[in-house]
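The sequence and structure come first.

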Amino acid sequence: MKVDERRCIGCRACSAISRSISISEDAGIRSITFHSHDESLTERLIEACPAGAISSGITAESITLTFRMKRCSVCGEPFATEREIEHVASLIPETHKNWLDLCPECRRAEQRRSHAWHCIRIRGRV
Amino acid sequence: MGKIYLDPERCIGCRSCEVACEREHGHPRISVDKVKDLAAVPVYCHQCDTAPCAAVCYTGSLRLDGDMVVFDPDLCTLCGLCFVACPFGAIELDSVIHRCDLCGGTPVCVMTCPTEALQLEDIDAITGSTRSRAAGVLAARVRV
Ligand code: SF4
Ligand code: SF4
Ligand code: SF4
């Protein structure tokens, strides 16, 4: 298999298929290492990759790609690679996608806050 | 089938829904928490009509089917794009995807909620009852 580093978004789907693909995450950087490979898995990897980054071909040496993580704009925790966010943003039709700046935990908190405000307004009225 | 709707004024923060969901699925897909001392609010999947999770899922594992989003674990590659896309943070990802399937039509969270804060309803029925309640409040105020 070969990986196209301009296309790979760092999602890790391939690593769930092949043990020769390993992941590490540290200090806001996700690294994916593609070790030399059992080629019998290539077809499955091509199919599984959401970004069309994998093709057939032989890579003799291992290659490591690094991705900057997106940090939540509220709590600062890294929750996805910046490339994953761009990829997702390009696929959702809505024009306002401001929730993509928040990690899932803070999105839940945001929901709670807006419902709580609703309750307070109602209580104020009666 | 309808969707799950929340009346946040009714939630007492007992977490019965969360516990029931965990009992049913092994991992809760609804989460309750308090906002200071003001209100308790469950957060869960809304089965969005134009669901971002289904829009980003390229395998057909998550897809719109009638008025819900169905999930087929056999097609899932664990890419995690749905987890990134959901506006409500309603998808969790570890070695599998955790996401609401409405328990096949009788959601245990709705069945368990003692205050009927969670209800499985048609959108028309929900907006109708909200409007008549608001009218009731207004009428009470006019009377005094
Ligand atoms: S599945 Fe494709 S996009 Fe995702 S990490 Fe692997 S090569 Fe990159
Ligand atoms: S998982 Fe999220 S995006 Fe998908 S239907 Fe549920 S609430 Fe909507
Ligand atoms: S993790 Fe699975 S369900 Fe989610 S977008 Fe990827 S393939 Fe679809």
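In this predicted model, 35 residues of chain A are in contact with 31 residues of chain B. The area buried between chain A and chain B is about 2,700 Å². Ligand 1 has 14 residues around it, ligand 2 has 13, and the shell of ligand 3 is drawn from chain B residues including B:Cys57 and B:Ile97.

**Interface of chain A and chain B**

- Carbon and sulfur atoms give 68% of the area of about 2,700 Å² buried between the two chains.
- On the side of chain A, the residues that lose the most area to chain B are A:Arg107, A:Arg108 and A:Arg112, which together account for 21% of what that side buries.
- Zero salt bridges are counted between chain A and chain B.
- Eight residue pairs are in polar contact across the interface, with both residues of each pair at pLDDT 80 or more.
- Four elements of chain A each supply at least two residues of the side that touches chain B: helix H1 (42-48), strand E6 (78-81), helix H2 (82-91) and helix H3 (104-125).
- Of these, H3(A) gives the most, with 14 residues.
- By class, the side of chain A that touches chain B consists of 21 nonpolar, four polar and 10 charged residues.

**Ligand surroundings**

- Around ligand 1, the residues that come nearest are A:Cys8, A:Ile9, A:Cys11, A:Cys14 and A:Cys49.
- The shell around ligand 1 divides into 12 nonpolar residues, one polar and one charged.
- Around ligand 2, the nearest residues are B:Cys45, B:His46, B:Cys48, B:Cys53 and B:Cys86.
- The shell around ligand 2 holds 10 nonpolar, two polar and one charged residues.
- Ligand 3 is surrounded by B:Cys57, B:Thr59, B:Ser61, B:Leu62, B:Phe71, B:Cys76, B:Thr77, B:Leu78, B:Cys79, B:Gly80, B:Cys82 and B:Ile97.
- The shell around ligand 3 has eight nonpolar and four polar residues, and no charged residues.

**Strand pair E5(A) and E6(A)**

- Strand E5 (residues 63-71) of chain A pairs with E6(A) in the antiparallel sense, over three bridges.
- Within this pair, A:Arg71 stands opposite A:Pro78 in E6(A).
- The hairpin of E5(A) and E6(A) has six residues between the strands, and A:Gly76 in this hairpin takes a positive phi near 85 degrees.
- E6(A) is also among the elements that supply at least two residues of the side of chain A that touches chain B.

Technical notes. Residues numbered from 1 in each chain as written. Chains lettered and ligands numbered in written order. Predicted model: local features only at pLDDT ≥ 70, side-chain atom pairs only at ≥ 80, totals over all residues. Heavy atoms only, no water. Near = heavy atom within 4 Å. Nonpolar A, V, L, I, M, F, W, Y, C, P; charged D, E, K, R; others polar. Contact = heavy atoms within 4.5 Å. Buried area = accessible area lost by both parts, 1.4 Å probe. Salt bridge = Lys/Arg side-chain N within 4 Å of Asp/Glu carboxyl O. Polar contact = N/O pair within 3.5 Å; in protein donor to acceptor, adjacent residues only side chain to side chain. Pairing = 2+ DSSP bridges.
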